[in-house]
Amino acid sequence: MISDRTGNYRLRDDEQMCFIHIPKTAGTTMSAILESRFAHQNICPTPYWRKLRQMSPEEMKPYQLFRGHFPYDVAGLVPGKAVCITMLRDPIERVISAYEFMKTCIIVNPPARKVQEKARTLSLKDYVRDPEVNGVINAQTRMVAGRDCQSRKIDQ
């Protein structure tokens, strides 16, 4: 990244920004802020890890911003030099927020419906300990370490 005369940072021509949106860390707000700084045609249209992995390097080349629930592995997937950023949250607060969110969100992914039913019927303690519930224990660490903690059962 380089800075201009106003002190703002700009991506170099060979760089692509990757926002690793860890769920329940104010990532939707951060995505909106980032999207306002890039031209629409320079933003990768998919925020989904599964779809991004299916794109060829040639398809990704024109985009300057990638944002979504991606692990750090996204850095090796984009064809340019990846500039990765993320937001972190206190892990306990993040898990409680994810648990409460799962109780009330609208589920479109069928495997996630089972996890939602668990959130609605189990205590927080039992929910966190349930082996079928992914993306709760050490989710931030796994995503930053490049391990897609959700793809095993609930692939986004």
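A salt bridge here is a side-chain nitrogen of Lys or Arg within 4 Å of a carboxyl oxygen of Asp or Glu. By that rule, the count comes to five salt bridges.

Before I discuss them, a word on the source. The model is predicted, so local features need pLDDT of at least 70 and side-chain atom pairs count only at pLDDT 80 or more, while totals for chains, interfaces and linings use all residues. Residues are numbered from 1 along each chain as its sequence is written, and side-chain values use heavy atoms, with hydrogens and water left out.

I begin with E100 and K103, whose closest N and O atoms are 3.5 Å apart. Both residues belong to helix α5, residues 91-104, and they are three residues apart, about one turn of the helix. Helices are DSSP runs of H or I, at least four residues, numbered from the N terminus. E100 is partly exposed at 40% relative accessible area, and K103 is partly exposed at 25%. Buried means under 20% relative accessible area, exposed over 50%, and partly exposed in between, with a 1.4 Å probe and protein chains only.

I turn next to E132. K114 forms a salt bridge with E132 at 3.2 Å between the closest N and O atoms. This pair links distant parts of the chain, 18 residues apart: K114 is in helix α6, residues 110-121, and E132 is in the loop between α7 (124-129) and α8 (139-145). E132 itself is partly exposed, at 30%.

The side chain of K118 also meets that of E132, at 3.1 Å from N to O. K118 lies in helix α6, so its pairing with the loop residue E132 ties together parts 14 residues apart in sequence. K118 is buried, at 16%. Through shared partners, salt bridges join K114, K118, D130 and E132 into one network.

Conventions. Helices (H or I, at least four residues) and strands (E, at least two) are DSSP runs, numbered from the N terminus.
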